[in-house]
Amino acid sequence: MFLFVVLCLASIQVQITPTQGEISVGESKFFLCEVVGDAMDIDWYAPSGEKIVSSQDVFVSRTDESTSTLTIYHATVDSSGNYKCVAKSADKEAQATVQVKIFQKISFKNAPSLQEFNEGDNADIVCDVVSSPPATIFWKHKGAKIHVAKDVRFKIMENAHLQIRGIKKTDEGMYTCEARVMARGEIDFRAIKVVINVLPTIRIRQAEVNATADIGTSAMLACDADGFPEPTVTWARNNVVLETDEKYSLNEDGSELLIKDVTKVDEGDYTCMAKNKAGEKEEEVSLNVFVTPRITYLNNQTASELQEQVTLTCEASGEPTPAITWSFGPRVFTEREQASWTRPDTYESLDGNVVVRSDARVSSLTLKYVQFSDAGQYLCTARNPIGQDSKNMYLEVRYSPKIQGPVTVYTWEGNSANISCEVLAHPGASVVWFRDGQQLPSANTTNIKIYSTPTASYLEINPESQNDFGSYNCTATNVIGSESKEFLMIQAEVPSAPTVERVASFSSTAMVEFEEPDSNGGVSILRYKVDWRQPGQDWSSREFEVETGTNQIILTGLKPETAYEVKMAAVNGKGDGESSPSTAFKTKPIREPSAPKLEAKVQKKGNALKVNWVKQDDGGTPIKHYLVRYKPKHVSDWRPEIRVPHGSDHVLLQALDWNTEYEVYVVAENQQGKSKPAIVSFRTAMQPTAIPEVGGSGLGTGAIVGILMVVFLLLLVGVDVTCYFLNKCGLLMCIAVNFCGKTGPGAKGKDIEEGKAAFTKDESKEPIVEVRTEEANPPTQDGGAPTEPSETTPLTEAEPTSPDTTSPVVNSLPTAASNSTPGASERNTAAAVQSAKSTAEASLPASAGSKDSGPAPAGATSSSTPDVGPLVDLSEGASLTAATAASEPGAKAAEPKESTGSPSTASTAQADIKVAIDDKANANDAITKEANATETKEVKEVDAVPNSTTEVKTVPNEAPVANGNESKA
């Protein structure tokens, strides 16, 4: 507030503008002093009464004769007070006063925008505010005003700081410090971000890590650290920080320490250290390094029987210290019998002969009285939790011979037997046989032979009389000593009679249960002979091989409801023993069969089953069939019944459910009814899982299809090349004919199919014309003696015709032999043409076109005549005529004719009609005239086999020279 005093003199007035003098600290302000009237001097006076002289903080200036300005720069609290403006003129004076007040605006002297605290601490959030008058402070968290009355952890201190006792991570966030001066309505605030740092915590994945040394393995030590901010993890051993190098490897965040190539020196404690702003935490991880046992000392030894004791020593290394055990063949010294390393002890066997002592890493086995049976390999084994190591040592024992083997041997006169003298000795022993003090074999013993091996000697005796039975001596000798043993050869006897215990009879079978003979006669029983009969009739006999553990014999083929008697005898190598007393029994009446015996076997597929059965008693009548039913056990409904013929002994069940238990019923049925069901249960295998493809490396569908197409094309090319070289056909042959000008076999083959024959004009090389009817099963020709093979003789004989097939019969013309005379060839050729025609017409069987006709018996009269094909004329003109006649579609079958041919002619067929022509030109002319003289130029040929074709081949004696007369393809 300003106090303005105006001293009114006669002629001067003073006024200060502005009238209010409030200034904020640090601000600048000026005041204007205006004088009304004539004034010579205008001066300003400070609150202290001193005249103000212009300075850096206060400046006084007179702008004109009637005004003066007071400027206060950067006002401070000391700048407050009453300032006075005085105007003087001669004897006149006037003044005015203005009161200047200095106030402090709201100012945040210490309020950091980021303040960090550790979780659990009593946090003091700083916000220092300066103002005059003092401001009122309000705190907000995340935009909401903090009410200290509602949460005792919050408290506003006297200095306006906000205190949070036991601050938590949830207290983190933005806080607002708001200051208000109510008198001026002034308000200001500061946003403060509070961050809560959390002390690291360490989680050890495995407090103790085990590793094996010296095998190139690595050990992984791991610890996971949590905290805020994220802590950094380091590892140390013996206060030395570990870094990545050849021995150690750290992952990106340092949580995993990999120790490479672990050795024993790596064993110990490792420290995992996690550190952040909140502090540091440490945890220990122990690495235990174990060493696989290894036997370091074990040597072979030699001893003599009953003369000295021997000690076997075995030393081993390893960590933890291994336990050492000894074993000899099947005999093993167990851990209970062995000494432990922490408690050295002694084990002694029950007989006192074996003593085991153990101390530290050494174990010894002492044999007090060495025997020949102690010789052999001894196994020393060192074990600890990491592994084991084993080594063998050999104890060599020198001992005198020990003779073993059966003392008695049974045989009979004329049957050779061996007496075995098995000798154990070291060093090896020599063996000599004696009888009655005489060494064998002698000059008088031709029926005795000796065979020797390194460990045994065999005396083979073929008894010729009772004198050969008796005692034989075997004597074995080595450098240590000798031993003798007597062996007896005893005359064998036939076995005693077995005892028939019970006969279980059925309709057509009987089961005989018996007891073995009391005596086998000294040799094994080989068979049992069983005799049975109806009372008053002859005995039926059958022998059964001996089956171990089975005292039952099944008789089959018996008549129902019939009385029988049965007896048994045992048979050994000597002969048949006595028969047991006969036992009477009676078969049961005709009835339903007995249930078969079942055996189920799961197939390789896993969900398929083969059920086999063995037929039992058929009830006196043949079994008609077997009925099979099956179902899963958890289902009530049976699958459809399967009827299996009586001759079958199994059924295959397929497409079953995986991993399911099934039950199968099999019933045998005869005329009397069904047997009781035979039941078998089984479980199918687990369904196999598909093997996943590996990383897309498998072939796709397109690649597989492409490979198959390439293989197919290669196969076609191979077939085409084969056809080209073997049959002169195919794509390559077509290319050769059309583009290379090569003459193909098709030119001749086409004319042959039309009934034409191509001939060369070179009369010095006459062709051989061959007309052949190809059938599925060509009949054989049994008329006449076999002829010598020639150029036109087929290389293979015709297969016999099936009884159900009616084949055409056409007698072939005689084949021209290579050594026949020219005159005979001409006569035979002319006769052959005429004979072929007449024979073909006279000896044809019934037409194959008749559906109801069967094969005609030998000598029977044919009821119809089948269609026949044209006969090829040898002349050029006749060839065209024959071809034209053969191609006419209106050709009909000839009328039926009676056949008076012989049985051999009717039952056999000749598929080939061959005409051989001599090299002479006049022979060819004779054949042509003979062919033209015939009444017809056709010979009908039976088409008994469907799809049979008539093939005409021209086979020249030599390759003809191309002369332009060849038919074109």
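Predicted model: local features only at pLDDT ≥ 70, side-chain atom pairs only at ≥ 80, totals over all residues.

Ala160 itself sits in the loop between strand E15 (154-156) and strand E16 (162-164), and with a relative accessible area of 13% it is buried, because buried means under 20%. Its C-alpha is 8.5 Å from that of Thr136, although the two residues are 24 apart in sequence.

**Aromatic rings**

The structure holds nine aromatic pairs. In one of them the rings of Tyr564 and Phe585 have centres 5.7 Å apart and planes at 15°, so this pair is stacked, the cut-off for that class being planes under 30 degrees apart. Tyr564 belongs to strand E49 (residues 563-572) and Phe585 to strand E51 (residues 583-586), so that the pair links distant parts of the chain, 21 residues apart. Tyr564 and Phe585 are both buried.

Trp613 and Tyr626 form another aromatic pair, which is tilted, with 5.0 Å from centre to centre and 40° between the planes. Since Trp613 lies in strand E53 (residues 609-614) and Tyr626 in strand E54 (residues 625-632), the pair ties together parts that are 13 residues apart in sequence. Both of these residues, Trp613 and Tyr626, are buried. Elsewhere, Tyr630, Tyr662 and Phe682 make up one aromatic cluster.

Two lysines lie over the faces of aromatic rings, as the table sets out.

| Lysine | Ring | Distance from the ring centre |
|---|---|---|
| Lys169 | Phe228 | 3.4 Å |
| Lys631 | Trp638 | 5.2 Å |

**Backbone exceptions**

Most residues other than glycine have a negative phi, and most peptide bonds are trans, which is the background for the cases below. Phe228, whose ring face lies under Lys169, is joined to Pro229 by a cis peptide bond with omega near -10°. Pro229 is found in the loop between strand E20 (219-228) and strand E21 (232-237). A cis peptide bond also joins His426 and Pro427, with omega at about 0°, and Pro427 is found in the loop between strand E37 (417-426) and strand E38 (430-435).

Which phi value does Ala360 take, positive or negative? Although it is not a glycine, Ala360 has a positive phi of about 50°. Ala360 is placed in the loop between strand E32 (354-359) and strand E33 (362-367), and at 44% relative accessibility it counts as partly exposed. Asp436, also a residue other than glycine, has a positive phi near 55°. The loop that holds Asp436 runs between E38 and strand E39 (438-440), and at 75% relative accessibility Asp436 counts as exposed, because exposed means over 50%.

**Helix H1**

Helix H1 (residues 701-727) has 27 residues, and from its first C-alpha to its last it reaches 38 Å, which is close to the 39 Å expected at 1.5 Å a residue. Just after H1, Lys728 takes a positive phi of about 55°.

Technical notes: Residues numbered from 1 in each chain as written. Heavy atoms only, no water. Helix = DSSP H or I, 4+ residues; strand = E, 2+ residues; numbered from the N terminus. Expected span 1.5 Å × (residues − 1). Phe/Tyr/Trp six-rings, centres within 6.5 Å; stacked < 30°, edge-to-face > 60°. Buried < 20%, exposed > 50% of the residue type's maximum accessible area, 1.4 Å probe, protein only. Lys NZ or Arg CZ within 6 Å of the ring centre and 35° of its normal.
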